[in-house]
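Please read this note with the structure open beside it. The points can be checked one at a time.

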Amino acid sequence: MSAPLGKDLLGLEHLSAEQITLILDTAEPLREISERAIKKVPTLRGATVVNLFFEASTRTRISFEFAEKRLSADTVNVATAASSVTKGETLVDTAKNLEAMRIDMVVIRHASSGAAQFLAERIESNVINAGDGTHEHPTQGLLDLLTLRQRFGSLAGRRVCIVGDVLHSRVARSNIWGLTKLGAEVAVCGPRSLLPTAIGDFGVTIFDRVEQAIEWADALNVLRLQLERMTAGYIPSLREYNRVFGISRERLERAPRDIVIMHPGPINRGVELDSEVADGPHSVILDQVTNGVAVRMAVLYLLAGHAPALAEAAKGGER
Ligand code: CP
């Protein structure tokens, strides 16, 4: 049968609400596999997946690897620092050489926006975007949606504010596409220097003060200040940023409702988020990480062309 998501997962912008819901519905029963004593089902036995990470990653790389292994795929991690990329080999040559060894899927993280699409147009294997520059990070967006859906039941009408460095954030873009497609209301909040000039085109509300965002939102998705991507002085200082936009317990105590706190990680503790909040009762940050494995299993399963019969992938294996 034809794959319900098409050949590749490059972003959430071009997925329909039905396709996003299908991924989330497929992820739900797959979560249970990770709770078993033997965390493995034979669904992707015989498939070979290459994880090609040109940028640092902890959560995404490791959870893709767990997802692949729990579905019984064979996995290879290419550490670009130790590969022929350092000798000047191009991205496409690298991928074509991997394909000559008969691989089936490539998971790619790259510093350049559009790198995943560029590759997908040039190789036969399925390509999954694990974060490309400031463009999209679709599996992060999906795991955020799953976490919110578990908390709220439905996203329709829920208010989610993305706080912080939206300018450099692929997570923000994937969240905005995914949340709006599933009927949530979306806002952004941060210093104007860290919001894209065209942010209004996304149809989101803009808050200049974090107190307004806390008053409005059911959930805050707090972004990391991406200091490594900042080429200019976007903020006066980290201390000043924390004072004006940092999410603290004192600020949350003034919220009119129980507010959910998310963060894609890695966290700059004491900058965008205080430790008391990151580790406190409002935080679902580790639920996001747990959901990351299930969502990535669902994406691999669906891209491999498996029928979206929800229980099918979770069957088999030993408990
Ligand atoms: N959220 C996220 O992408 O984290 P990593 O950079 O550690 O993969």
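The points below go from the domains to the ligand and its surroundings.

1. The model is predicted. Please keep that in mind when reading the distances and areas in the later points.

2. The domain assignment gives two parts of the chain: domain 1 (17-135 + 289-309) and domain 2 (138-288). In the contact between the domains, 29 residues come from domain 1 and 26 residues from domain 2. Taken over C-alpha atoms, the centres of domain 1 and domain 2 are 26 Å apart.

3. Where is the ligand? The space that the ligand takes is the largest pocket. Both domains supply its shell: domain 1 and domain 2 each give at least three residues.

4. Which residues surround the ligand? They are Ser57, Thr58, Arg59, Thr60, Arg109, His137, Gln140, Pro264 and Gly265. By class, the shell has one nonpolar, six polar and two charged residues.

5. For Ser57, a polar side-chain atom lies 2.6 Å from an oxygen atom of the ligand. For Thr58, a polar backbone atom is 2.8 Å from an oxygen atom of the ligand. For Pro264, a polar backbone atom is 2.8 Å from a nitrogen atom of the ligand.

6. How much of the ligand's accessible area does the protein cover? On its own, the ligand has 260 Å² of accessible area, and the protein covers 91% of that.

Definitions and conventions
Residues numbered from 1 in each chain as written. Predicted model: local features only at pLDDT ≥ 70, side-chain atom pairs only at ≥ 80, totals over all residues. Heavy atoms only, no water. Near = heavy atom within 4 Å. Polar contact = N/O pair within 3.5 Å; in protein donor to acceptor, adjacent residues only side chain to side chain. Areas by Shrake-Rupley, 256 points an atom, 1.4 Å probe, with all protein chains shown as cover. 1 Å grid on protein atoms, 1.4 Å probe; cavity = no way out; pocket = protein on both sides within 12 Å on 5 of 7 lines; lining within 4 Å. Sits in = over half its atoms within 2 Å of the grid points. Nonpolar A, V, L, I, M, F, W, Y, C, P; charged D, E, K, R; others polar. Domains from an automatic or database assignment. Contact = heavy atoms within 4.5 Å.
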